[in-house]
Amino acid sequence: MPLITNPQDIQLILWDIDGTLLMPKGVGRAATRLAMLEIFNTDAGIETHYFGGKTDWRTLLELLPPQGFSEGTIRELMPAYERAAAQHMNRIIVDYAVEQCPGAHALVTELHRRGYPLQGLVTGNTSSIAPIKLRAGGFDPDWFVVAAYGSESPDRNDLPFLAVDRAEKLTGRKIAPEQVIVIGDTPADVACARALGAVAVGVKTGYATSPTELEDAKPDYLLDDLTTFWKDVLPIFD
Ligand SMILES: [Mg+2]
């Protein structure tokens, strides 16, 4: 299990969005529903669908094949779906009281101010949706200098690799897996950290389906919320 022995070695923090940085209060489900109706003419299953930890691509792969859509068709229509989802979300998000998770904004702001470690996104949201949600939650999307999105793969475990690759290209430095922290609120976030070999931080502010689910996933660090991140995970500047 990769535990942080030297906090100064951490180069990159990869953030989940929903349930970790902010609570979207249903706007994701609503925008997904409208975009599905527009592009695929069905919203079957969306009302009871569990989104936690899934990429949006995975969501479409779970909901649409029973309605007669093939994986190939879903892949082909992903760009159109992304555009539609962003248009709908831009229109409806004012009606949703998106909330910051405790400690998240202060932590992201402090990391940005210090400029190190770098911050990025590993999110199930599409590339078009993520910045809209972040802005609604009071976060500047530009502070996350690399990202991998839920419109890039059905498999969340692919995403940390994409993000690290982009961070290496951006910085011109090699970034080892144990120099990366992945922070999220579901077992899928822990699993994608494991896939890379990164440090997994679980935070109990979001969408775990039971009180022990996140604990059972055995993240390296398990936090009630992000207010104790500096103390518990990265006592780098104390
Ligand atoms: Mg989440």
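Asp16 and Asp18 are both buried, where buried means under 20% relative accessible area, exposed means over 50%, and partly exposed lies in between (1.4 Å probe, protein chains only). The model is a predicted one, in which local features need pLDDT of at least 70, side-chain atom pairs count only at pLDDT 80 or more, and totals for chains, interfaces and linings use all residues. Residues are numbered from 1 along each chain as its sequence is written, and side-chain values use heavy atoms, with hydrogens and water left out.

Asp16 and Asp18 also belong to a metal site. The magnesium ion has as its protein donors Asp16 (OD), Asp18 (O) and Asp185 (OD), at 2.1 to 2.2 Å from the ion. Donors are N, O and S atoms within 2.8 Å of the metal (3.2 Å for Na, K and Ca); water is not among the atoms, so sites may look incomplete. Along the sequence, the spacing of these donor residues is D-x1-D-x166-D.

The chain as a whole contains 9 helices and 8 strands. These elements are DSSP runs numbered from the N terminus, with helices being H or I of at least four residues and strands E of at least two. Of the 238 residues in the chain, 52% are buried. The C-alpha trace spans about 55 × 35 × 35 Å along its principal axes.

Among the buried residues of helix 1 are Val27, Ala31, Met36 and Phe40. Their cover includes helix 2 (56–63), helix 3 (71–92) and helix 5 (130–136). After helix 1 comes Asn41, which has a positive phi, near 60°.

The cysteines remain to be considered. A disulfide is a covalent bond between the sulfur atoms of two cysteines. Here, a disulfide is counted when a pair of cysteine sulfur atoms lies within 2.5 Å, and by this rule there are 0 disulfides. Cys101 is in no disulfide, as its nearest cysteine sulfur, that of Cys192, is 17 Å away. Cys101 counts as buried because its relative accessibility is 3%, and Cys192 is buried with a relative accessible area of 0%.

Key:
Contact means heavy atoms within 4.5 Å.
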